[in-house]
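Open your viewer and get ready to select residues by number.

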Amino acid sequence: MGKYRALVLKYNLLRLPPEVAEKIPALLRVQEEFRKWAAEWAKSGGSLPPPERPLKYFAEEFLHAGNALGLKGLKKNGIEVRGARPPLIFDAQLRLSKERDKSRGILVDIPRRGVRIRKWNNGNTITLPLTDKAVELILERTREGGKLVMAAVWIGRSRRSRAVKLYVALTFRREIAPMEAERLLVVDVNALHNGLAWAVVEGERIVEKGVLKPNISKILHLQKVIARLDSVCAEKDERCGEAMAVKSRIWRLLREWEDEAAKKIVGLARQYKAAVVVDMPNDESMRELKEGGYASEKKVFLNFGRIRRRLRGLAEWYGVPYREERLYSTVCPRCGRKMEELPNRRVKCQCGFEAHRDEVPIYWAQRRFPDLITPSFSSSSAVLRITAPAA
Ligand SMILES: [Zn+2]
């Protein structure tokens, strides 16, 4: 079965070399024109003929990508959800050493450490640099058996910093047989401020369990630094930039930790031949997490949605079955009654069952083991969600 994984390269428009920056308005025009066509095409139910050059190339690659990634209903409905603002899709080649240039839209040139974007405007080429980190990730995907099959390019605003960036999403494809799960790896994200609690379960047995935690003391320390800088900034209008810089640093630390945690979880799943079962928090418990019980300086905000996307994407890439389930932490796994909540996040049932709240999902996984281990896992195409721009 073919699995896809995207690697997104980001370039801040303000930091592009001048010879690249001067080509951006023209690329933006092509993007806008293509989006106009795509919107019309979707509205026509897919019956609109292909546009003229250079848009013809993008229309063909767009349809090809939709078919390859198995986007259901692409032709009937258009890709209505994200389709209003599709990226420019290119065919792509990865050059690892001295392979011949196949004149595809994107050439990722490892020896020259650059990405060339072509076919968008009469032989005009945009050449972007590749960082060491990007090269490393590309080579890692290649070592895992991934082949570069296409690339998506778009210009848009970063959701976080609001800076306008040029994005290049390299999509790799890999053939892999789905793993046959013998165990379950239960991941509890209900207590994100405490990290991720996990347990490997085999029938009634807990094989191993643990908690992955970010460096909380370091983050709390940085939060104190921010508070101090913020008050200096408010009173004297000084050191405001420093405060922003420390905030960015926390943000990066958390994102890096989330990536590492997802890697570790999927690594454990492969090691134990376990299907990943993520206990989904409901809206109520998310709200409780955000508002309740914890002193604000002790709150460390991990991005639940992002962890979830990382976990799902990585699990798919390695052929690890992945499933999201609600495993209630306040309903008794023995008798099904609503449990009483005790101090220190413990819960107790009338039937005598008592446990730490965060461990209840593990009991649920043990109880539902036969049902959860059956391979009814769906492998949604998380790929285009990554390759397509969010806004
Ligand atoms: Zn009970």
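A residue is called buried if 20 or more other C-beta atoms lie within 10 Å of its own, exposed if 12 or fewer, and partly exposed in between, with C-beta atoms placed from the backbone. This is a predicted model: local features need pLDDT of at least 70, side-chain atom pairs count only at pLDDT 80 or more, and totals for chains, interfaces and linings use all residues. Numbering starts from 1 along each chain as its sequence is written.

**Stop one: helix 5**

Select residues 132-143, which make up helix 5. Helices (H or I, at least four residues) and strands (E, at least two) are DSSP runs, numbered from the N terminus. Now colour Ala134, Ile138 and Arg141, the buried residues of helix 5. They cover an arc of only 60 degrees around the axis (taken from the directions from the helix axis to the C-beta atoms), so they sit on the same side of helix 5. Turn to the face away from that buried side to find the exposed Asp132, Lys133, Glu136, Glu140 and Arg143. Just past helix 5, click on glycine 145, which has a positive phi of about 95 degrees.

Next, show the three strands in the order 13-14-15, an open sheet with antiparallel pairing; two strands pair if DSSP finds at least two bridges between them. Strand 13 (340-342) and strand 15 (354-356) are at the edges with a single partner strand each, so one side of each has no neighbour in the sheet. Strand 14 (residues 346-348) pairs with strand 15 over three bridges. To see a bridge, select valine 347 and its partner in strand 15, alanine 355.

Conventions:
The expected span of a helix is 1.5 Å times one less than its number of residues.
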